[in-house]
Amino acid sequence: MEHDVCALADLPDGGKLRVDAGGEDVLLCRSSSDIRAVRNMCTHAASTLEEGRLRNGILSCPLHGARFDLSDGGRCLGGAGYRPLTLFPVRVADGRVLVTVEG
Ligand code: FES
């Protein structure tokens, strides 16, 4: 189901925004016109990601520093080998950010 989560203007270039998408804790990450919606939970341990660093589409976990490539399906970079982050379909329409989550 698709959820209207925020205005595009609420999500600055290079920034992150934690939103609720139908009960799902989602972190929006924006790099220029590229917006990704990721489940706000690291695949290593129980750490949310909103305090992590976002640089060039790479999101770093604040707890142990694992890096995930949001433009490559949330793939974990380096040798850590954790599962990819969960990404949700996201689009922009009429200045609003819309995220699709199952259920
Ligand atoms: S909890 Fe994210 S790298 Fe360990």
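**Legends to close-up views of an all-strand chain**

**Figure 1. Overall view of the predicted chain and its buried fraction.** Of the 103 residues in the chain, 40% are buried, where buried means under 20% relative accessible area, exposed means over 50%, and partly exposed lies in between (1.4 Å probe, protein chains only). The model is predicted, so that local features require pLDDT of at least 70 and side-chain atom pairs count only at pLDDT 80 or more, whereas totals for chains, interfaces and linings use all residues. Residues are numbered from 1 along each chain as its sequence is written, and side-chain values use heavy atoms, with hydrogens and water left out. The chain has eleven strands and zero helices; helices (H or I, at least four residues) and strands (E, at least two) are DSSP runs, numbered from the N terminus. Along the principal axes, the C-alpha atoms occupy a box of roughly 40 × 30 × 20 Å. The radius of gyration of the chain is 13 Å, which agrees with the value near 13 Å for a compact globule of 103 residues; this radius is taken over C-alpha atoms, and the globule rule is 2.2 Å times the number of residues to the power 0.38.

Figure 2. The chain carries 12 positive and 14 negative charges, whose mean positions are 7 Å apart. Lys and Arg count as positive and Asp and Glu as negative, while His and the chain ends are not counted; each charge is placed at NZ of Lys, CZ of Arg, CG of Asp or CD of Glu. Among the contacts in the chain with a separation of 6 or more, 37% involve residues 24 or more positions apart, contact meaning heavy atoms within 4.5 Å.

**Figure 3. The open sheet β2-β3-β4-β9.** Four strands are arranged in this order with antiparallel pairing. The edges are β2 (16–21) and β9 (87–88), each of which pairs on one side only. Two strands pair if DSSP finds at least two bridges between them. Strand β3 (residues 24–31) is joined to β2 by six bridges in the antiparallel sense. Within this pair, alanine 21 has glutamate 24 of β3 as its bridge partner, and leucine 17 stands opposite leucine 28 in β3. Six bridges also connect β3 with strand β4 (residues 34–39), again antiparallel, and here valine 26 has arginine 39 of β4 as its bridge partner.

**Figure 4. Two hairpin turns on either end of β3.** Two residues separate β2 from β3 in their hairpin, in which glycine 22 adopts a positive phi near 60°. The hairpin of β3 and β4 likewise has two residues between the strands, and serine 32 in its turn has a positive phi of about 60°. Most residues other than glycine have a negative phi. Serine 32 takes its positive value although it is not a glycine. Its relative accessibility is 45%, so serine 32 counts as partly exposed.

**Figure 5. The open sheet β5-β6-β7-β8.** This sheet comprises four strands in the stated order, with antiparallel pairing. Its edge strands are β5 (54–55) and β8 (75–76), each pairing on one side only. Two bridges join strand β7 (residues 67–69) to β8 in the antiparallel sense. In this pair, phenylalanine 68 stands opposite cysteine 76 of β8.

**Figure 6. Aspartate 94 in the loop between β10 and β11.** Aspartate 94 lies between β10 (90–93) and β11 (96–100). Its phi is positive, near 50°, in a residue other than glycine. With 82% relative accessibility, aspartate 94 counts as exposed.

**Figure 7. Serine 47 and its surroundings.** Serine 47 is located in the loop between β4 and β5. This residue is buried, having a relative accessible area of 9%. Leaving aside residues up to four places away in sequence, serine 47 touches Asn40, Met41, Cys42, Cys61, Pro62 and Leu63. Valine 5 is 42 residues from serine 47 along the chain, and their C-alpha atoms are separated by 22 Å.
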